[in-house]
Amino acid sequence: MTRVTQTVRAAEKEQVLSLLSGRPVVLIGMMGAGKTTVGRRLAARLGRTFLDSDEEIETAANMKIDDIFATHGEAEFRAGEARVVAGILRDPGIVLATGGGAFMNAETRALIKSAAVSIWIKADFDLLFARVSKRSNRPLLKTNDPRATLKGLIEARYPIYAEADVTVVSKDVPQEVVAGDIIEALIAHLTPGEPA
């Protein structure tokens with residue numbers, strides 16, 4: 001990294017942190033959008049703590065997400081998810097990657113809107129399916145037709161995700177690039193007088 005790049009990044013970091021005034025940044029989007037990977041890079045660039053709500057749920061429940069779904073069902077998982085997200089948002093200065101369904105819960109969505117800045121990492125179907133097909137830990141896609149299931153989830157969730165404060169498109173590029181796009185979008189969104 002060149003000295004100029006370091007200087008620009010340091011200036012962007014200070015600007016974003018000042019504009020956020022301690023508010024958490026919450027990443028929302030579909031499974032496979034890159035929330036965790038991008039979130040880690042974003043947190044590192046901002047000098048913030050990164051948390052993944054799915055990991056925090058697993059720690060709180062002492063169970064894997066798959067096992068929570070299998071043992072207790074999706075409704076109980078979502079209730080636990082809402083409690084975990086609410087607890088995390090009490091801590092200022094974090095970057096939180098949420099599970100794909102978290103923002104669909106009206107209470108969780110309202111809490112995120114009031115306590116944090118939400119960023120939808122939007123990705124198209126082909127990119128998402130290519131990414132999620134590489135892993136078997138997606139309980140919602142354990143169906144006879146995971147492609148149709150994913151398309152149905154996109155149709156149901158994208159109109160709600162569109163309520164996020166900021167939308168950044170995830171492309172098939174290094175996630176560091178997407179983290180940079182988020183920083184630029186945050187500056188544009190939070191700077192008074194700038195178009196949101």
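Tutor: Helices α2 and α8 are oblique to each other; an angle under 35 degrees counts as roughly parallel, over 145 as roughly antiparallel, 65 to 115 as roughly perpendicular, and the rest as oblique. A helix here is a DSSP run of H or I with at least four residues, numbered from the N terminus. The model is predicted, with local features needing pLDDT of at least 70 and side-chain atom pairs pLDDT 80 or more, while totals for chains, interfaces and linings use all residues. Residues are numbered from 1 along each chain as its sequence is written, and side-chain values use heavy atoms, leaving out hydrogens and water.

Helix α2 covers residues 35-46 and helix α8 residues 175-190; their angle is about 60° and their axes are 8 Å apart. Axes are lines fitted to C-alpha atoms over the stretch in contact, and angles run from 0 to 180 degrees between N-to-C directions. The crossing of α2 over α8 is right-handed, a term for a near helix turned clockwise from the far one by less than a right angle. On the α2 side, T37, V38, R41, L42, R45 and L46 meet residues of α8 that include V178, A179, I182 and I183; contact means heavy atoms within 4.5 Å. By class, this contact of α2 with α8 holds 7 nonpolar, 3 polar and 3 charged residues, where Ala, Val, Leu, Ile, Met, Phe, Trp, Tyr, Cys and Pro count as nonpolar, Asp, Glu, Lys and Arg as charged, and the others, Gly among them, as polar.

Let us turn to another pair. Helix α6 (residues 125-132) packs with helix α7 (residues 146-161) at about 130°, the axes being 11 Å apart. That angle makes α6 oblique to α7. The passage of α6 across α7 is again a right-handed crossing. F125, D126, L128, F129 and V132 of α6 make this contact with P146, R147, L150, K151, I154 and Y158 of α7. Its residues comprise 8 nonpolar, no polar and 3 charged.

A third pair remains. The axes of α3 and α4 lie 9 Å apart, at an angle of about 110°. α3 is therefore roughly perpendicular to α4. The crossing of α3 past α4 is right-handed. Among the residues in this contact are I57, A60 and A61 of α3 and I68, F77, E81 and V84 of α4. The contact of α3 with α4 divides into 9 nonpolar, 1 polar and 4 charged residues.

α4 contributes the most, with 8 residues.

Methods. Helix = DSSP H or I, 4+ residues; strand = E, 2+ residues; numbered from the N terminus.
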